[in-house]
Every structure is written in structure tokens, then in C-alpha cells.
Amino acid sequence: MAGSTLVFEAPASRRSPGRRSPLRRLLRSPSGAVGAALLAVVLAAGFGLSFATPYDPAAQNLSIPVHPPSLAAVRGGVHLLGTDQLGRDILSRLLVGLRISLLVALAVVPLSMLLGLTIGMVTGYRGGWLDVALMRLVDAQLSIPTLLLAVAVVAVLGTGLAQIVAVLVVTGWPGYARVVRAEVLSLREREFAAAARAVGASDGRILAQHVLPNVLPTMLVLGTLHLPVVIIFEAALSFLGLGIQPPTPSLGQMIAGAQDLVWQAWWMPTIPGIAITLVVLAFNLLGDRMRDVLDPRLRGLGPV
Amino acid sequence: MSEYLVRRLAFSLTAMLGVITIVFALLHVTGDPAALLVTQDATRQDMERIRHAYGLDQPLSVQYARFVERVVRGDLGYSYRQDVPVTELIAGHLGATFELALASLAVAIVLGVALGMAAAVRRGSGIDAAAMTVALFGTSMPSFWLGLLLIIVFGVKLGWLPVSGYGGLDHLIMPAFVLGGFYAAQVSRLTRTSLLEVLDQDYIRTGRAKGLRAHVVLFKHALRNAALPVLTVLGLSFGQMLGGAVVVESIFAWPGMGRLAVQAVLGRDFPVVQGAAITGAAVFLAVNLTVDLVYGWVDPRLRSAGQQA
């Protein structure tokens with residue numbers, strides 16, 4: 001923090017050509033580098049390997065149920081990570097489940113961001129009754145415990161892939177809206193906005209050209225920290241039987257299916273659990289580091 | 001002080017009205033609320049009866065006014081599956097949720113503050129790195145998975161603790177650890193940041209310079225000043241825990257409100273889901289109101305400050 005020393009340091013001279021880009025700064029720290037490496041592995045597994053799984057993830061083989069992970073072939077096939085109670089290959093299910101988790105997160109985060117950004121920018125810039133009404137709505141929604149709200153929305157929309165995305169967008173947007181609105185409130189009073197207004201720029205132009213670029217770094221940080229939250233929520237809902245439905249495999253569902261077998265099959269809940277933890281860890285590491293690089297003011301704000 | 005109190009109270013009440021509005025909107029968003037209020041095997045006559053009984057054939061504004069009025073009176077409807085009023089059902093589950101939330105809060109405080117303090121005091125050391133790694137994993141591990149792992153180890157392999165259900169203190173240990181552990185991870189990171197900032201202040205240096213013992217400086221001077229942001233997060237966490245630890249209650253078959261809500265969704269018992277959402281929000285707002293009022297009392301600066309969200 002600010003120095004207790006009396007010696008004032010000279011401001012570091014700006015080497016404009018050689019100035020480190022945010023990306024370099026992101027990767028220079030151990031946590032950023034580990035996060036990025038982990039993410040690369042996760043993405044390669046989810047969007048590469050999952051298209052070349054050793055078995056059909058839904059194919060049952062009742063002759064080898066609950067088989068432990070092993071390198072040796074059993075009944076003509078190697079099941080590296082074992083099989084579940086229906087003899088389905090856990091590795092194949094894991095890879096496809098991972099892809100689905102990532103797809104859900106990559107759909108939910110941009111959609112929530114877009115919704116929150118639009119509402120936050122418009123209400124923050126315009127003010128008035130619309131602002132008051134929408135912000136009261138945001139306050140109200142944020143007072144319903146998130147998972148309880150998600151469960152209630154599931155009760156209305158039903159379960160399934162599209163529904164789960166909708167549920168998570170509905171629960172996700174207020175966090176963005178609130179932060180964006182606060183930013184816009186201060187940005188619209190700044191000199192550059194006033195100057196643009198003075199030369200006759202329209203509201204839409206001011207928002208797009210002057211306000212939006214200033215909110216984007218914050219959005220990027222919030223989005224990165226929102227990704228792991230979405231992945232955990234999707235897994236939790238699927239675990240509870242309220243998310244993605246069979247035959248589509250999902251990591252949460254795999255853990256739920258293992259619940260009755262924890263007595264004899266430790267690998268069944270352990271393997272998908274490690275996968276979820278690693279994905280979430282990768283995003284958390286990157287998100288934390290990104291916040292420090294791009295927007296230190298958000299420190300301590302926690303996930304959306 | 002009284003102006004502050006009135007403002008906070010007004011905020012909570014409008015938020016509560018908003019919550020009721022959201023829940024009302026949820027029921028109507030699909031177009032046919034009657035379909036949500038009946039069981040799957042309902043006949044056309046059943047639907048008509050429901051529509052009439054609930055006034056669903058009335059204009060939307062009338063329905064909304066009636067809905068708000070009913071909730072304000074404390075009437076949350078009737079459970080289809082269990083044949084009892086929703087309020088009664090929720091009241092029967094609130095105790096278990098409260099017990100779990102209280103125990104989890106204790107875990108979050110003790111574990112979180114201890115880890116955060118250890119990390120801040122030994123900044124940059126192995127202890128700091130270890131504590132923050134634990135915290136990072138704590139926020140990254142899904143609670144339902146951590147719960148299952150604990151069940152495997154302590155319930156099944158070692159047989160030390162009961163695997164699920166409601167009962168004595170031994171039933172409470174694992175769920176409280178899983179639920180509290182998640183919040184402990186956040187609390188520890190925040191405690192560390194907050195404490196590091198305070199430890200850099202001049203009055204801490206003065207305290208040390210005049211020869212105060214290290215623990216006096218730490219506990220009396222530093223920790224007290226670092227406590228405010230931590231308290232905020234603890235208050236919010238407690239509200240969330242009380243609002244229904246949906247996942248943790250489900251894994252450990254803990255008979256609280258969160259599990260009630262999940263079972264209600266699975267059993268298509270929508271009035272119970274509605275009731276749980278409204279009650280959860282009411283509890284959350286009540287806890288936050290209390291926390292804010294306690295602050296106003298602890299920290300006089302806040303009383304005059306603008307609206308604290």
C-alpha cells in the first residue's frame with residue numbers, strides 16, 4: 001500500500017513502445033500463469049478431446065459395472081478412469097460433461113453481461129423513475145438467496161440445457177447491472193462526457209464511445225469471476241436433479257449418480273469432482289489476477 | 001440515528017415488496033399459472049377449480065393485489081403434496097436451517113479469521129502461501145463434492161460421524177464444516193487483505209514503537225479496525241446460509257428449508273417453492289437490517305454517511 005517512507009519514488013518512466021501489455025502482466029505472475037495453463041488443458045479436453053472419446057458416453061456395458069480405474073483391458077476394452085454402475089466409460093462421460101459445463105458457462109456469462117450492461121448503462125445514464133424502479137428490482141432479486149431463486153426459476157421453466165442457461169442468466173444479470181450503473185453514474189459527470197455533450201454528441205454516441213470503453217475492463221473482470229460461479233451452479237443444479245437431464249452427461253449428475261455407491265466406488269464421485277475443482281480453480285486464479293491487473297478497485301468484492 | 005433507522009427499514013420493506021413481485025411474476029411468466037399449481041395428473045375440471053379458487057380468472061392487477069395482501073397477512077398458500085399450509089411446513093424446517101447456519105457461521109468465523117490472520121501476520125512466508133492455497137481450494141471445490149468426500153472418509157471408511165440426517169451434535173459437524181468452510185475461505189482472504197492494510201497504518205507503527213506487545217497491537221489495535229469489512233461479509237454470508245443451504249442440506253439429508261425447496265420442485269409443489277423463496281429473502285433482509293443497525297451503533301461514521309447498500 002501507499003508508502004510510509006518519506007522518500008518519494010520517481011514515477012517510472014514510460015517506455016511507450018516496450019510497455020508491458022495487460023496480457024503479459026497477467027501471465028507474468030505465478031497465479032496467472034498457472035491459471036492460464038490449467039485453462040488451456042481444460043479447454044483442450046473440453047473442446048478437443050471430447051470429440052474423440054474412447055467410448056460413446058451413453059453406451060452401457062452391463063457386463064462391467066462399477067469397474068475401478070485401470071490401465072489393463074477388461075473384456076476387450078481399457079477404461080482408464082473406470083466405469084459407472086451401468087458400465088459406461090467414465091473418461092468419455094467426463095470429457096463430454098466438461099464440454100457441456102464450459103458451453104453453459106460460455107453462454108450464460110456473455111448473455112448475463114449483455115443484459116446487465118444494457119440495463120446498467122441505460123438506467124445509470126438516464127436516471128429517473130426507470131432507474132429507481134430497476135434498481136429496486138435488482139436489490140430485491142439480490143435478497144433472494146441465489147440458489148433458492150435458481151431452484152424457484154427451475155420450478156417454472158423446467159429442466160434441460162436451454163432452461164439451465166436461462167435460469168443462470170436470470171440469476172446472473174443483476175450483479176453486472178449494479179456495478180455498471182455505479183460506474184456510469186460517475187463516468188457521465190466526467191469532463192470527457194461533458195465535452196462530448198457540449199459538442200452535440202447524442203446520448204447513444206456518448207454511451208457507446210465514451211462510457212462503454214471505460215466499463216469494459218470491469219466487465220472483463222466480473223465476467224471472468226462469474227464463469228466459475230456459473231460452473232458450480234450448473235453442477236449443483238444438475239447434482240440436485242434440477243439441471244441437465246440424462247442422457248446428456250454432466251459433471252454434477254455424475255457425482256449425484258455416485259451418491260449411493262460411495263461405499264464401494266470412491267472413483268465415481270472423486271473424478272468428476274476433481275474436474276469441476278480444476279476448472280473453477282483455473283478461472284478463479286485467472287480472475288483474481290485479472291482483477292489486480294485491470295481493476296484493482298474491485299478487490300475484495302468477491303464473485304458476482 | 002433514527003433517520004438512518006427509518007431509511008434502512010424503508011429499504012428493506014421496498015426490497016421485500018420487490019421480492020413478492022418477483023415471485024408473483026415467476027408464477028405468471030409461463031402464461032398459465034394454474035398448470036404450475038396442480039399435480040401432473042390433474043384433470044381439466046381440477047384446473048378450472050384451481051383457476052377459480054385462486055382467482056386466476058381475475059385481471060392481473062387484482063391478482064397481484066390479492067397476492068401481496070395474502071403474503072403480508074402471512075398466508076403462503078397450501079402444499080399439494082403434504083396437505084398442510086406452507087407457512088406451517090416452513091416453520092417446521094426453519095429450526096434445522098437456523099441451527100446449521102449458526103454452526104456454519106461459527107466455522108466461518110473461527111477458521112476464516114484464524115487463517116486470514118496467520119497469513120497477514122506472516123505475510124509472504126510459507127504460512128501465508130499455505131493459508132491462501134487452502135482458501136483458494138476452499139472457494140473452488142463444489143460443496144456437494146466436498147460433502148461426499150467427507151462422507152466417504154469420516155462416515156464410511158472411518159465411521160466416526162453419522163453420514164446424514166438430523167440429530168445430535170455429531171450430525172451437525174460435517175454439514176457445518178462444508179457450509180462454513182466455503183465462507184471461511186472467502187472470510188480468510190478478506191481478513192488478510194483488510195488486516196494487511198491496517199498493519200501498514202501509522203498508529204500500528206506507533207504502537208510497536210512504544211513497545212506494546214505484539215499480541216496487544218494485533219488484537220486490540222489492528223484486528224478491531226480490520227473487522228468492519230469482514231463483518232459485512234459475515235453478515236451477508238449468514239443471510240445466505242439462513243436463506244437455505246440448498247445443496248448442503250440436500251447431501252446430508254438435513255431437514256431444513258433448502259432441502260424442502262428442492263424436494264418441492266422435484267414433487268411439483270410450487271406453493272412451497274414460492275414460500276421458501278419469500279421466506280429466504282425475508283430472513284436475508286432481516287439479517288442484513290440487523291447487521292446494518294449494529295454497524296450504525298459500532299461505527300458512528302456510518303450513521304451520517306449516505307445510503308449504505
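The legends below describe close-up views of a predicted model. Local features need pLDDT of at least 70 and side-chain atom pairs count only at pLDDT 80 or more, while totals for chains, interfaces and linings use all residues. Residues are numbered from 1 along each chain as its sequence is written, with chains lettered from A in the order in which they are written.

**View 1. Chain B is built from helices.** Chain B has 14 helices and 0 strands. Helices (H or I, at least four residues) and strands (E, at least two) are DSSP runs, numbered from the N terminus. Read along the sequence, the pattern is α-α-α-α-α-α-α-α-α-α-α-α-α-α. The C-alpha trace of chain B spans about 80 × 60 × 30 Å along its principal axes. Of its 309 residues, 41% count as buried. A residue is buried if 20 or more other C-beta atoms lie within 10 Å of its own, exposed if 12 or fewer, and partly exposed in between; C-beta atoms are placed from the backbone.

**View 2. Contacts within chain B.** Two residues are in contact if their C-beta atoms, placed from the backbone, lie within 7 Å. Take the contacts in chain B between residues at least 6 apart in sequence: 70% of them join residues at least 24 apart.

**View 3. The largest nonpolar core.** This core holds 172 residues. A nonpolar core is a set of buried Ala, Val, Leu, Ile, Met, Phe, Trp, Tyr and Cys residues joined through C-beta atoms within 7 Å. A:Val151, B:Ala261 and B:Val273 touch the most other members. Helix 8 (residues 203-239) of chain A supplies the largest share of this core, 18 residues.

**View 4. Where chain A meets chain B.** The contact takes 41 residues from chain A and 47 residues from chain B. On the side of chain A that touches chain B, the elements giving two or more residues are helix 4 (128-143), helix 5 (146-157), helix 8 and helix 10 (267-294) of chain A. Helix 5 of chain A gives the most, with 9 residues. By class, this side of chain A has 28 nonpolar, 10 polar and 3 charged residues. Ala, Val, Leu, Ile, Met, Phe, Trp, Tyr, Cys and Pro count as nonpolar, Asp, Glu, Lys and Arg as charged, and the others, Gly among them, as polar.

**View 5. Helix 3 of chain A.** Helix 3 (residues 90-126) of chain A has 37 residues. At 1.5 Å a residue, it should span 54 Å. The expected span is 1.5 Å times one less than the number of residues. Its end C-alpha atoms are 53 Å apart, which agrees. Of the 37 residues, 26 are buried, so helix 3 of chain A is largely enclosed by the rest of the structure. A:Gly127 follows this helix, with a positive phi near 70°.

**View 6. A cis bond in chain A.** The peptide bond from A:Pro246 to A:Pro247 is cis, with omega near 10°. A:Pro247 lies in the loop between helix 8 and helix 9 (251-258) of chain A.

**View 7. Two loop residues of chain B.** B:Ala253 sits in the loop between helix 11 (246-251) and helix 12 (257-266) of chain B. Its phi is positive, about 50°, although B:Ala253 is not a glycine. B:Ala253 counts as partly exposed because it has 13 C-beta neighbours inside 10 Å. B:Arg268 lies in the loop between helix 12 and helix 13 (270-298) of chain B. B:Arg268 is not a glycine either, yet has a positive phi of about 50°. With 17 C-beta neighbours inside 10 Å, B:Arg268 counts as partly exposed.
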